[in-house]
Amino acid sequence: MPVFAANLTMMFNEWSFLDRFDAAAEAGFAAVEYLFPYEAPPEAIAERLARNKLQQALFNLPPGDWSAGERGIAALPGRFDALKADVERALDYAAATGVKRLHLMAGLAASSDPEAANCYRRAVTYTAGRLAEKEIGLLIEPINGRNVPGYFLNDFGTAERLIAELGLANLKLQFDIYHRQIIHGDVTMALRHLMPITGHIQIASVPSRQEPDGEELNFSYLFAEIDRLGYAGFVGCEYSPRGRTLDGLAWFKPFLRS
C-alpha cells in the first residue's frame, strides 16, 4: 500500500505552517513533504515531526529568489557559489528533520542552451556528491511548461538520460504523475519503464491539480500499479484542495495510518 505524504505547502492551508504538521497527523497521514522549510527554524520543524510521529519525505533545496520569479538556480550561469551555499543550508534542515531525499530545482533557462546544460550537469553532480556524504538522495524532476513556462528540465527523457550518463548512485527521478501526464501522457508505461530510477512519486488530478480522485486519470488503478511494481518510497500529495482540505480526503480514507 502506498505511503502518502501530505504536501504542507499546498494542503492544510487553513492552518499556519507549523500547525499543518499536527493537522496532517490528525487526518491520518504518516509522512509530510513541502516545497521549502526555510522560513521556520529547523528545530521547530523537528519538534512537530517528533510530536506527531511523522516522517519527513521530501523538501526542495533553496530555489533562488522565489518572490522574484526564480524557480531554482542549478542551470543558471554564474550561480554555482550560491548553489553550494544553498546545499549547506538545506543540509542543516536535513539533519534536523531526518529527510533522506532532497529535490534540486533546475531554474528557468532554455533547454537547448549548452551553457545552461553544462551548469545544470555541474550543479547536479556537485549536489549529489555532497548529499551522498550524508547518505541523502538527490532528486531531479521534469516540470511541465504550462505551470512553469521556461523551466529547464521539462522532459522525462532528458532526465532519464542524465541520470544514466552521470551514474551517481544517489541520483534519482522525482516522478510527478501530474507533470508526466501533461508533458507526455502514457503514465502507466512510464512508471513501468522508469521505476528502477524513481526515488519519489507525486500525485494530483489532471488538469485541475486537485484531489487525486478523477478527471483524466484512474488513480485507483495507478495506486495498485505502483504497489505491483514494488515501489517502497513515498507518494507525495502535491495538490491544491478544491475547498477545505479535510473535506476533500475521501480518496484517502483507505490509506489512513493505523
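Residues are numbered from 1 along each chain as its sequence is written, and side-chain values use heavy atoms, with hydrogens and water left out. Because the model is predicted, local features need pLDDT of at least 70 and side-chain atom pairs count only at pLDDT 80 or more, whereas totals for chains, interfaces and linings use all residues.

Helices (H or I, at least four residues) and strands (E, at least two) are DSSP runs, numbered from the N terminus. At the start of α5, the backbone nitrogen of Gly157 lies within 2.9 Å of a side-chain oxygen of Asp155. Just after α5, Gly167 has a positive phi of about 60 degrees.

Two packed helices are described by the angle between their axes and the distance between the axes. Axes are lines fitted to C-alpha atoms, for helices over the stretch in contact, with angles running from 0 to 180 degrees between N-to-C directions. The axes of α3 (residues 80–97) and α4 come within 11 Å and cross at roughly 30 degrees. The two helices are therefore roughly parallel (angles under 35 degrees). The crossing of α3 and α4 is right-handed, the near helix being turned clockwise from the far one by less than a right angle. Phe80, Leu83, Lys84, Val87, Glu88 and Leu91 of α3 form the contact with Arg122, Ala123, Tyr126, Thr127, Arg130 and Leu131 of α4. By class, this contact has seven nonpolar, one polar and four charged residues (Ala, Val, Leu, Ile, Met, Phe, Trp, Tyr, Cys and Pro count as nonpolar, Asp, Glu, Lys and Arg as charged, and the others, Gly among them, as polar).

Helix α7 packs with α8 (residues 219–228) at an angle of about 15 degrees, the axes being 11 Å apart. Accordingly, α7 is roughly parallel to α8, and their crossing is right-handed. Val187, Thr188, Leu191 and Arg192 of α7 meet Tyr221, Leu222, Glu225, Ile226 and Arg228 of α8. The residues of this contact comprise five nonpolar, one polar and three charged.

Asp186 is located in the loop between α6 and α7. Neighbours within four places in sequence aside, Asp186 is in contact with Arg180 and Gln181. Asp186 and Phe234 are separated by 48 residues in sequence and by 21 Å in space, C-alpha to C-alpha.

Methods. A polar contact is a pair of N or O atoms within 3.5 Å; within protein, one must be able to donate a hydrogen and the other to accept it, and residues adjacent in sequence count only if both atoms are side-chain atoms. Angles under 35 degrees count as roughly parallel, over 145 as roughly antiparallel, 65 to 115 as roughly perpendicular and the rest as oblique. Contact means heavy atoms within 4.5 Å.
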